[in-house]
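Let's take a friendly look at the pockets of this structure. Please have the sequence and the 3D view ready.

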Amino acid sequence: MFPDLKALEKHLSSRSYVDGYTPSQADVGVYTSLGSAPDASQYPHAARWYKHIASYAQEHGTLPGDKEASSKLFGTAAPGGAADEEEEIDLFGSDDEEDPEAEAEKQRRLDEYNERKKNKTKPTAKSVVTMEVKPWEAETDMAELEKTVRSIEMDGLVWGASKLVAIGYGVRKLQITLVVEDDKVSLDELQEKIAEFEDYVQSTDIAAMQKL
């Protein structure tokens, strides 16, 4: 829970959404509790998030999550909690007298623990990205535009859900979610590939990005 805007700003400095990787009732609850957009000069991350959630206004009632519980996320004291800590092993006994067998057992357990840490596989770094693709004009075939965008295949790239968002004068932009492996996929390179479909694409923007 977030007692004030400062806490919300800190939370959103490394996240695109209040909870999870897609808009939910948690976002709607905090958005509704705020009542108005935060000052972008003082709370840039919260202001960016507020504007993004506002674009889903027509879908607020259908987003997943507990609406009643989410309405209490902002403006109340955040409960204290213990931070996640790396697994620890009790390597030391409580007896004051040294026991050769006990010492040998402690050393064996220490060696096993260090071996497990050494062999622990480092998880693949991934990011969830929300990309916006703008067409040249209202007459652009958006179904064909999305088809060409999804035709791009790269190792470490997975396309996700998408929707069309009105931006004025009958023009709609494609808003599409994707998951990338950070070490394999360059977003700059991906945007350059999309820009090559110049018959459909005017520009691309990264609207949101969050580490998994």
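## The second largest pocket

In this predicted model, the lining of the second largest pocket divides into four nonpolar, three polar and four charged residues. Ala, Val, Leu, Ile, Met, Phe, Trp, Tyr, Cys and Pro count as nonpolar, Asp, Glu, Lys and Arg as charged, and the others, Gly among them, as polar. Among the lining residues are R48, K51, H52, E132 and K173. Two or more residues each come from α3 (44-54), β2 and β3, where helices (H or I, at least four residues) and strands (E, at least two) are DSSP runs numbered from the N terminus.

The space in this pocket is about 170 Å³. A pocket here is an open set of points on a 1 Å grid over the protein atoms alone, where a 1.4 Å probe fits, with protein on both sides within 12 Å along at least five of seven lines; lining residues have an atom within 4 Å of a point. A volume is the space filled by probe spheres set on the points, which are joined across faces, edges and corners.

## The largest pocket

The largest pocket has a volume of about 240 Å³. Its lining has 14 residues, with T22, P23, Y56, A161 and T177 nearest the centre. Both β2 (157-168) and β3 (171-181) give two or more residues, and β2 has the largest share, three. Seven lining residues are nonpolar, five polar and two charged.

## About the model

Residues are numbered from 1 along each chain as its sequence is written. The model is predicted, so local features need pLDDT of at least 70 and side-chain atom pairs 80 or more, while totals for chains, interfaces and linings use all residues; side-chain values use heavy atoms, without hydrogens and water.
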